[in-house]
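The points go from the overall fold to individual side-chain pairs.

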Amino acid sequence: MADAVARRALQLTGGEWYSPYDDQYLDSAKKLDVDHLVPLAKAWDSGASAWTAKEREAYANDLDDPRVLIVVSAASNRSKADKDPGNCPRTPATGAST
């Protein structure tokens, strides 16, 4: 995210974002999604089902760990759905097809 401007919490009004899933630069927040690198369904299947509600909420909204949430184009996020990064059509690290 380069030079993003926020009017108030979570309302972006300007800037440019890079979407590594599809190697695009976007200048409209309306074209963005925030994605969980490990989808919530995958986390649930991998043990989050045993977490407390507070722990699941903390994971789902973790803004401090860059390995949890990523800003990507809405189109690429929708095509990824709830697949984990290793099974999505593009890898976040390179944007290359798998």
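1. A contact here means heavy atoms within 4.5 Å. The model under review is a predicted one. Among contacts in the protein between residues at least 6 apart in sequence, 52% join residues at least 24 apart.

2. Overall architecture. The secondary structure consists of three helices and five strands. Read from the N terminus, the order of elements is β-β-β-β-α-α-β-α.

3. Burial and surface. The protein has 98 residues, of which 32% count as buried.

4. Strand β4. This strand spans residues 32-36, and four of its five residues are buried, so β4 is largely enclosed by the rest of the structure. Its partner is strand β5 (residues 69-73): the two run antiparallel and are joined by five bridges. Within this pairing, L32 has S73 in β5 as its bridge partner.

5. Nonpolar core. Which residues make up the largest nonpolar core? The set has five members, namely A43, A48, Y59, V68 and L69. For A48, when residues up to four places away in sequence are not counted, the residues touched are A43 and R56.

6. Salt bridges in general. Side chains of opposite charge can pair when their charged atoms come close. With a limit of 4 Å between a side-chain nitrogen of Lys or Arg and a carboxyl oxygen of Asp or Glu, the count comes to two salt bridges.

7. The pair D33 and R78. These residues form a salt bridge in which the closest N and O atoms are 3.1 Å apart. The pair links distant parts of the chain, since D33 lies in strand β4 and R78 in helix α3 (residues 74-80), 45 residues apart. Are the two partners buried or exposed? Because buried means under 20% relative accessible area and exposed over 50%, D33 at 14% is buried, whereas R78 at 58% is exposed.

8. The pair D65 and R67. The side chains of these residues also meet in a salt bridge, with an N to O distance of 2.7 Å. D65 has a relative accessibility of 18% and therefore counts as buried. R67, with a relative accessible area of 63%, is exposed.

Technical notes. Residues numbered from 1 in each chain as written. Predicted model: local features only at pLDDT ≥ 70, side-chain atom pairs only at ≥ 80, totals over all residues. Heavy atoms only, no water. Buried < 20%, exposed > 50% of the residue type's maximum accessible area, 1.4 Å probe, protein only. Pairing = 2+ DSSP bridges. Core = buried A, V, L, I, M, F, W, Y, C linked by side-chain atoms within 4.5 Å.
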